[in-house]
Amino acid sequence: MAFPTAVRPDTTDRNPSRRTGRWIDHWEPEDPAFWASTGRRVARRNLVLSIFAEHLGFSVWVIWSIVAVNLNSVGFAFTESQLFWLVAIPNLVGATLRLPYTFAVPKFGGRNWTIVSALVLVVPCVALAFAVSGPGTSFGTMLFVAALAGVGGGNFASSMTNISYFYPEKDKGWALGLNAAGGNIGVAVVQAPFVVSAVVTAGAGIHLARAGWMWVPLALLSAFLAWRYMDNLSVARTDFGSSVVAAKRLHTWVMSFLYIGTFGSFIGYAAAFPLLIKGQFPEVNVTTYAFLGALVGSLVRPIGGRLADRVGGGVVTAASFLAMGLGVLGVVGALRVGSFGLFLACFMVLFLATGVGNGSTYRMIPAIFRHGVDPADAAATATMKRQAAAAIGIISAVGAYGGFLVPRTYGWSTSAFGSIEPALFVYVGIYAVMIAVTWWFYLRRSTEMAKAGV
């Protein structure tokens with residue numbers, strides 16, 4: 001792929017002016033002339049490379065969803081509950097890192113932090129390669145190594161925060177949806193039969209160490225491309241004060257709760273899906289089907305953002321939770337009749353709904369913060385954008401904890417009841433609550449947000 005060379009400093013107001021370190025000091029995406037002349041091109045270049053970096057982050061983040069399935073096949077003797085821990089712990093660490101990763105963008109620059117975050121991915125990959133080389137590795141050590149993969153989860157928050165500054169409001173839903181989808185699809189790539197599984201089984205036997213080594217050169221490539229072609233924006237200034245203000249807003253926490261149901265469900269189900277298939281239908285080849293859910297959920301995410309742009313995020317989000325609940329009930333029915341085909345179909349509905357919900361909830365955030373702000377007031381608009389960016393970091397961090405809760409709920413359910421059905425009914429109840437919350441805050445006709453079409 002060929003990328004345009006760096007834009008030279010320009011004395012007109014229509015072009016971004018640069019200084020050393022690939023910093024752009026003048027950036028006005030809301031100006032149609034600026035956007036048409038150079039803004040769109042620069043934003044698109046940064047978006048493409050951001051997607052690549054975030055894609056690798058997600059790939060490393062969920063690599064243990066495939067590694068855990070194969071551990072006992074190469075001499076380890078971990079219980080099902082322990083395997084669910086190995087799948088869940090990277091999500092816990094990744095969720096926790098999302099907040100500091102958000103602050104890293106304004107502190108160091110989006111391009112600079114992309115370089116650092118890409119290089120950091122090398123650590124969990126190398127650690128994994130050594131940890132799985134022999135069955136003598138203890139569960140405690142394995143759990144620590146799995147936790148290191150959580151650094152990949154932090155990439156999402158910094159990438160989304162960075163890209164949100166590059167695009168005008170009218171294109172933000174679509175751009176953020178593409179950026180997120182490009183990252184999310186890293187889950188499907190890891191679980192696809194022709195990627196990690198093909199690499200670790202090439203030749204005789206299973207070589208799990210390759211699951212770590214294969215991502216090292218790609219992480220280095222991502223860091224190089226970010227260094228060579230990405231940009232830092234001076235306008236991306238999310239100070240601590242903006243974060244404090246964002247944290248005090250009720251809607252920041254309401255959206256955090258809803259994001260647990262959308263993104264938390266997506267990453268949690270995706271991480272646990274291979275183990276679920278193996279545990280419920282041991283006769284099925286896991287690698288043939290495990291990647292389909294993450295693929296569907298990733299590809300439809302931009303559609304969720306686009307639908308939210310057109311009909312309102314609250315409507316799309318509520319519909320997504322309804323579809324999730326119905327999908328989970330369908331999974332219960334599939335387990336009771338022992339039909340893998342129905343099980344897979346219902347999970348595809350579930351993943352599709354999480355993907356659409358991911359896009360719609362993320363589109364709601366800037367709309368919520370934009371409400372009541374005069375577009376002609378440049379200072380107020382800049383403040384709003386800083387607070388919205390800070391809210392994105394908080395919401396993405398809290399929402400990602402769902403990726404830890406979902407696998408652990410499965411583990412609890414199988415240990416306590418010998419079945420995942422109790423966990424599934426818990427999910428249905430949670431989605432019902434989330435529908436009610438969405439209606440109360442964003443769909444009731446008497447609320448300001450509903451009137452604004454959030």
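In which helix is Leu-221 found? Leu-221 is found in helix H11, where helices (H or I, at least four residues) and strands (E, at least two) are DSSP runs numbered from the N terminus. The model is predicted, so local features need pLDDT of at least 70 and side-chain atom pairs count only at pLDDT 80 or more, while totals for chains, interfaces and linings use all residues. Residues are numbered from 1 along each chain as its sequence is written, and side-chain values use heavy atoms, with hydrogens and water left out.

**View 1. Helix H11 with Leu-221 and Ser-222.** Helix H11 covers residues 216–229 and includes Ser-222. Leu-221 counts as partly exposed because its relative accessibility is 38%; buried means under 20% relative accessible area, exposed over 50%, and partly exposed in between (1.4 Å probe, protein chains only). Ser-222 counts as buried because its relative accessibility is 3%. Leaving aside neighbours within four places in sequence, Ser-222 is in contact (heavy atoms within 4.5 Å) with Phe-52, Ala-53, Leu-56 and Ala-118. Leu-218, Leu-221, Phe-224 and Trp-227 make a nonpolar surface patch of about 370 Å². Patches are made of residues with over 30% relative accessible area and no salt bridge; like charges are joined within 9 Å and nonpolar side chains (Val, Leu, Ile, Met, Phe, Trp, Tyr) within 5 Å. Accessible areas come from the Shrake-Rupley method with a 1.4 Å probe, and for residues only the protein chains shown count as cover.

View 2. A nonpolar core is a set of buried Ala, Val, Leu, Ile, Met, Phe, Trp, Tyr and Cys residues joined through side-chain atoms within 4.5 Å. The largest nonpolar core has 133 residues, and Trp-64, Leu-71, Phe-347 and Tyr-410 have the most contacts inside it. Apart from this core lies another, of 8 residues, among them Ala-223, Ala-226, Tyr-229 and Met-230. Phe-347 touches Tyr-269, Phe-273, Leu-276, Val-331 and Tyr-410, not counting residues up to four places away in sequence. Helix H2 (residues 64–71) is mostly covered, with 8 of its 8 residues buried; these include Trp-64, Asn-70 and Leu-71.

**View 3. Asn-184 in helix H8.** Asn-184 lies in helix H8, residues 169–191. Asn-184 counts as buried because its relative accessibility is 0%. Beyond its neighbours within four places in sequence, Asn-184 is in contact with Phe-58, Phe-156, Phe-263, Phe-266, Ser-298, Arg-301 and Asn-358.

**View 4. The salt bridge of Asp-231 and Arg-22.** The structure holds 5 salt bridges, each a side-chain nitrogen of Lys or Arg within 4 Å of a carboxyl oxygen of Asp or Glu. In the bridge between Asp-231 and Arg-22, the closest N and O atoms are 3.1 Å apart. Asp-231 lies in the loop between H11 and strand S3 (232–233) and Arg-22 in the loop between strand S1 (18–19) and strand S2 (23–24), so the pair ties together parts that are 209 residues apart in sequence. Asp-231 is buried, with a relative accessible area of 0%, and Arg-22 is buried at 13%. A network of salt bridges links Arg-22, Arg-45 and Asp-231.

**View 5. The salt bridge of Asp-309 and Arg-363.** The side chains of Asp-309 and Arg-363 meet in a salt bridge at 2.3 Å, N to O. This pair links distant parts of the chain, with Asp-309 in helix H15 (residues 301–311) and Arg-363 in helix H17 (residues 340–370), 54 residues apart. Asp-309 is partly exposed at 28% relative accessible area, whereas Arg-363 is buried at 11%.
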